[in-house]
Amino acid sequence: MTTDPSPGPEGAGAILTVDLDAVAANYRLLKEKAAPAECAAVVKADAYGLGAAEVAPALWAAGARRFFVAHPEEGLRLRDAVPEASIGVLNGLTPGCEEVYRRHRLLPVLNHPGEIERWRNAASAAGAPLPAYIHLDTGMNRLGLGPEETDRLAGSQDLLDGIEVLAWMSHLVSAEDPEAPVNKAQRRRFGEALARLPEAKASLANSSGIFLGPGFHFDIARPGCALYGINPTPDGPNPMATTVRLDGRILQVRSIDRPSTVGYGATRQVAPGAKIATIAVGYADGYQRRLSDVGRVWLGDHPAPVVGRVSMDLMTVDVTGLPDSVAHAGAMAEIMGPRRTPDEVAEDAGTIGYEILTSLGRRYARRYVGARSSTEMRAP
Ligand SMILES: *Cc1c(COP(=O)(O)O)cnc(C)c1O
């Protein structure tokens, strides 16, 4: 029996290139900025879509030792990538999974009194102290101990028997806005809580929090987005290096010879003389439908606006007047990269760079360059 040969990475509609040296350089910059605090690395959501299995070893090589994921499953996969790393689980202690956390050295971020109690019981059953982070909510109203729960803990510290507190932690609401009064209010609440709780390390700053200044650094910073090139200081220039590049394949270039429209819904008129290039990337690949008629890609040194609706597998761009050398079937268009950063794509789409990166599709061929990675392409 013969099997059909796979088309391989060359058959993919787009190639996503992840620059691990850029990720490592971003880590080093954040570490320097946060020093003398320790700089952890948040690699939840598959390292914000870039691929934790490749990104985490590059971060480890750059000096990161403490990592955070959201789900225990992410922690288990990360354990294979960085066997010696400290791995914190931000979403907490999943009920019934105490033994899994213990066996795989996953460190829960205990987010409410029930989780603290379960971890205390697990420690008692194990006959040994168990390490954990404890999250204090200082204004997000999302996860963590509320003010009354924090008071109760401060008043009865035996509730922590058997728990080795790795760090008290809290999370900033508006760190990317240095003028927001809530930043200082959260820092004050956090400091007041720390003063009443048993001595341990403290951790407050996300990527943007690092740029709020040393008063926000405490002992451990927890950057995520800035590692991947998203601007942590959106009011100013981006200090971070671009880490991703997405090149989409032009499948066809059509010359328009009569007044007509392009794409679903006939939303966009095109005049005779126009040239439309169809690219093999659509909303199923994370190029959001909201980018219809507002997105922009680059062909060589030429910008080309998205025209008409982005469809599931395809998008159409206006290449009228562009040279055939860049606008021909088989050529690649830069959909994201140094000239169209995730932040810019996000602005076009009315969202944030985080969502653009974490929506990166599964159908791209992926190529990792830099660090000690192979440059071989991986089929989707
Ligand atoms: C996601 C997350 C981070 C990282 O935030 P960035 O803004 O991406 O730097 C840090 N801490 C917590 C609790 C998080 O959920």
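Tyr48, Tyr228 and Tyr354 form one aromatic cluster. This is a predicted model, so take that as said for the rest of the talk.

There are five aromatic pairs in the structure. One of them joins Tyr48 and Tyr228; the pair is tilted, with 4.8 Å centre to centre and 35 degrees between the planes. It links distant parts of the chain, since Tyr48 is in helix H2, residues 44–48, and Tyr228 is in the loop between S10 and S11, 180 residues apart. Tyr48 counts as buried because its relative accessibility is 6%, and Tyr228 counts as buried at 1%.

Another pair is Tyr101 with Trp119, edge-to-face, 6.4 Å centre to centre and 65 degrees between the planes. Here helix H5, residues 98–103, supplies Tyr101, and helix H6, residues 113–126, supplies Trp119. Both residues, Tyr101 and Trp119, are buried.

Back to Tyr228. Which side chain reaches its backbone oxygen? That of Thr243, at 2.7 Å. Thr243 lies in the loop between strands S10 and S11, and counts as buried because its relative accessibility is 2%. Its contacts beyond four places in sequence include Thr17, Asp19, Asn26, Leu50 and Gly229.

Next, helix H8, residues 181–196. Its 16 residues should span 22 Å at 1.5 Å a residue, and the end C-alpha atoms are 24 Å apart, which agrees. Asn183, Ala185, Gln186, Phe190, Ala193 and Leu194 are buried in H8. Helix H7, strand S8 and strand S9 are among the elements that cover them.

Last, two arginines over rings. The charged end of Arg187 sits over the ring of Phe216, 4.5 Å from its centre. Arg65 lies over the face of Trp60, 3.7 Å from the ring centre.

Note on methods
Residues numbered from 1 in each chain as written. Predicted model: local features only at pLDDT ≥ 70, side-chain atom pairs only at ≥ 80, totals over all residues. Heavy atoms only, no water. Helix = DSSP H or I, 4+ residues; strand = E, 2+ residues; numbered from the N terminus. Expected span 1.5 Å × (residues − 1). Buried < 20%, exposed > 50% of the residue type's maximum accessible area, 1.4 Å probe, protein only. Contact = heavy atoms within 4.5 Å. Polar contact = N/O pair within 3.5 Å; in protein donor to acceptor, adjacent residues only side chain to side chain. Phe/Tyr/Trp six-rings, centres within 6.5 Å; stacked < 30°, edge-to-face > 60°. Lys NZ or Arg CZ within 6 Å of the ring centre and 35° of its normal.
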